[in-house]
Amino acid sequence: MPLKKDDAGRRWVEVEFVVPGTPEQVWQAVATGPGNSAWFSPATIDEHVGGTITFDFGAGVTTSGPVTVWEPPTRFGYEEVGWSGEAPPVATEVTVTRRSADQCVVRMTHSLLSDRDDWDAELESFESGWPTFFEILRIYLADHPGEPAAVVNATASPSATEAHVWKALVDAFGARDADLGDVVSLGTPRILGTVEQVQQNHQFRQLLLRITEPTAGALVAGTCTVDGQAMVNVSAYLYGSEAAQFAADDKPAWANWLAEVCDHAGAPKPT
């Protein structure tokens, strides 16, 4: 996702990917509040130009801005204000194009206007941040399109190094030496799933599961280091009629579980 620029000061990055589903199914997932909760973040979206979109990332962290494009089921756009300190608003546009009877191409573009390069690295960082969410989106659209969804998150900023926290995290899942397709589980909170992806690079370490208990869904657990501070996060995306209840019931258990992982890594409990 290389950064592009024009003479007017517009700077942008874009990515294109294929997902299962009809344009209407994909639109529900990428352009509605309930749909976004199935693969990205809890969101509220006013479904018209001039409305407001708000993403809730937990721990009191939200971003919001106006809906700028609303053309179902093919084109959706919005701006986010205050997404990075004093950065100008970042505009996002999503287009959905039918590729075949059961597949669509999604193009996502992030752009801003500035004569400064202060935020170029952050725009380019979307390249590393989005792919895992796109995999979760594919899981949702392949097997659970349109189903109710809920997400439960647990996050910590431990004092242990990222490498130590990662080892404690995958050990807790019994997944340190796991291969794709291996079954992993937890007792409390209850999780049963198969390994979809294990990814490690200089920016982050991440484990992606396709889960079947306590209900169908996906789970991503990962670590990264930001300004020298290790971060660890677990997000369980739950699907089906009981998803919201499972998410509410399991939220305290996930916080406690992550606290134990941090203890095992020699880190303080999350706040």
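Select Ala 43 first, and then its bridge partner in β4, which is Phe 55. Strands β3 and β4 run antiparallel and are joined by three bridges, where two strands are said to pair if DSSP finds at least two bridges between them. The helix and strand names follow DSSP runs numbered from the N terminus, with helices (H or I) of at least four residues and strands (E) of at least two. This is a predicted model, in which local features need pLDDT of at least 70 and side-chain atom pairs count only at pLDDT 80 or more, while totals for chains, interfaces and linings use all residues. Residues are numbered from 1 along each chain as its sequence is written, and side-chain values use heavy atoms, with hydrogens and water left out.

Follow the chain through the hairpin of β3 and β4, which has six residues between the strands, and stop at Gly 50, where phi is positive, near 95°. Now show the side chains of β4: Ile 53 and Phe 55 make up its covered face, whereas Thr 52, Thr 54 and Asp 56 make up the uncovered one.

Next, bring in β5, which pairs with β4 in the antiparallel sense over five bridges. Phe 55 has a bridge partner here as well, namely Thr 63 in β5. In the hairpin of β4 and β5, with five residues between the strands, Gly 58 takes a positive phi near 85°.

Stay on β5 (residues 62–71) and select Pro 66. Pro 66 is partly exposed, at a relative accessible area of 31%; the classes used are buried under 20%, exposed over 50% and partly exposed in between, with a 1.4 Å probe and protein chains only. Leaving aside residues up to four places away in sequence, Pro 66 touches Gly 51, Ile 53, Tyr 78 and Glu 79, a contact being heavy atoms within 4.5 Å. The C-alpha atoms of Pro 66 and Gly 51 are 5.6 Å apart, although 15 residues separate the two in sequence.

Turn now to the aromatic rings, which pair if their centres (for Trp, that of the six-membered ring) lie within 6.5 Å, with planes under 30 degrees apart counted as stacked, over 60 as edge-to-face and the rest as tilted. By this rule there are 19 aromatic pairs. One of them is Phe 40 with Phe 57, an edge-to-face pair at 5.8 Å centre to centre and 75° between the planes. Phe 40 lies in the loop between α2 (33–36) and β3 (43–45) and Phe 57 in the loop between β4 (52–56) and β5, so this pair ties together parts 17 residues apart in sequence. Which of the two is buried? Phe 40 is, at 15% relative accessibility, whereas Phe 57 counts as partly exposed at 35%.

Move on to Tyr 140 and Tyr 239, whose ring centres are 5.0 Å apart with planes at 55°, so the pair is tilted. Because Tyr 140 belongs to helix α4 (residues 126–143) and Tyr 239 to strand β14 (residues 229–239), the pair ties together parts 99 residues apart in sequence. Tyr 140 is buried at 0% relative accessible area, and Tyr 239 is buried at 1%.

For the last stop, select Ser 111 in strand β8 (residues 103–113), which counts as buried at 11% relative accessibility. Its contacts, again not counting residues up to four places away in sequence, are Arg 10, Arg 11, Trp 12, Pro 89, Val 90 and Ala 91.
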